[in-house]
Amino acid sequence: MSLEMLLRAIPVVLTGLKLTLLITLAAFAVGQIVALPVALGRVSKFRLLRGATWLYTFLLRGSPLLVQLFILYYGLAQFPAVRSSVFWPILRDPVYCAILAIGINSSAYVAEVIAGGIRKIPAGQFEACISLGLSRRRTFIDVVLPQTYRAIFPSIGNEIILVLKASSLASAVTVMEMTGAARAFTAKTYAPFEVFIVAGLVYLLVGFVFSLIFRVSESALFRSTGLGSSKAAAAGRRPAEVAS
């Protein structure tokens, strides 16, 4: 291993850090936004809606993310209707395609996590809300969501790490984020070991920062509210079904 090559690789890899963070944060946001309605469909009392959202999560979780990215970036471009649509300026851009593909893929996993959190809420809490005269909307906003997100918050923190690692696949569609920059530098220097050691360390550092942020956020948001006890209380109880 060459120390000189290792030092030369650092600024090259860091040139893609900004784009890596952009893809990670944007895809994570897309995943969280899409996941909530899908999760509500997964726990809906309507069989057709449950089936449609199950199929959505099954297809996205069961197929490789790289294949989904190729279909979105290369596959859809073959259809004239897509190229003439208002979505074409987004779908022809590799960065936007990477954000959409990674975000939509993430939403399938997060939706199942949210749905699982909703199912663990004791049925008695829903009955209590009905007896208090709370509407279904207020029950969902004031009772269901706070407890669900408290229970799954560590899983959401893990998800942003997975999205960060998935962002490296954007280099497969010519995006010059950290992995793309590392591959381009390797093609010039034929020193993959040094370059990807640097890239791996940067990914590790960014992932650690994200983990620390979520850990501090969890402490600030939830520990003072006393919501942490709801998860233990829900264990072994009969799950409730929430209508969408």
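**Close-up views of helix packing**

**View 1. Helix H8 is followed by Gly-133, a residue with a positive phi, near 80°.** The model shown here and in the views below is predicted. H8 spans residues 123–131, and its buried residues include Ala-123, Phe-126 and Cys-129. These residues lie on the same side of H8, because the arc they cover around the axis is only 120°. In general, an α-helix has 3.6 residues a turn, so residues three or four places apart point the same way. The partner of the buried residues of H8 is helix H9 (136–166), against which they pack.

**View 2. Helix H7 packs against helix H9.** H7 comprises residues 94–119, and its axis lies 9 Å from that of H9, at an angle of about 150°. Angles over 145 degrees count as roughly antiparallel, and the two helices are therefore roughly antiparallel to each other. The crossing in which H7 passes H9 is right-handed. By class, the contact of H7 with H9 has 11 nonpolar, 4 polar and 1 charged residues. On the H7 side, the residues that meet H9 are Ile-102, Ser-106, Tyr-109, Val-110, Val-113, Ile-114, Gly-117 and Ile-118. On the H9 side, they are Val-144, Thr-148, Tyr-149, Ile-152, Ser-155, Glu-159, Val-163 and Ala-166.

**View 3. Helix H2 crosses helix H3 at roughly 130°.** The axes of H2 (residues 17–42) and H3 (residues 47–62) come within 7 Å. H2 passes H3 in a left-handed crossing. From H2, the contact involves Val-34, Val-38, Gly-41 and Arg-42. These residues meet Leu-49, Arg-50, Thr-53, Trp-54, Tyr-56 and Thr-57 in H3. Sorted by class, the contact of H2 with H3 has 5 nonpolar, 3 polar and 2 charged residues.

**View 4. Val-82 lies in helix H5.** H5 covers residues 80–83. Val-82 has a relative accessibility of 17% and therefore counts as buried, since the cut-off for a buried residue is under 20%. With neighbours within four places in sequence left aside, Val-82 is in contact with Leu-76, Trp-88 and Leu-91. Thr-189 stands 107 residues from Val-82 in sequence, and the C-alpha atoms of these two residues are 40 Å apart in space.

Key
Residues numbered from 1 in each chain as written. Predicted model: local features only at pLDDT ≥ 70, side-chain atom pairs only at ≥ 80, totals over all residues. Heavy atoms only, no water. Buried < 20%, exposed > 50% of the residue type's maximum accessible area, 1.4 Å probe, protein only. Helix = DSSP H or I, 4+ residues; strand = E, 2+ residues; numbered from the N terminus. Arc of directions from axis to C-beta. Contact = heavy atoms within 4.5 Å. Axes fitted to C-alpha atoms, helices over the stretch in contact; angles between N-to-C directions. Parallel < 35°, antiparallel > 145°, perpendicular 65-115°, else oblique. Left-handed = near helix turned anticlockwise from the far one by under 90°. Nonpolar A, V, L, I, M, F, W, Y, C, P; charged D, E, K, R; others polar.
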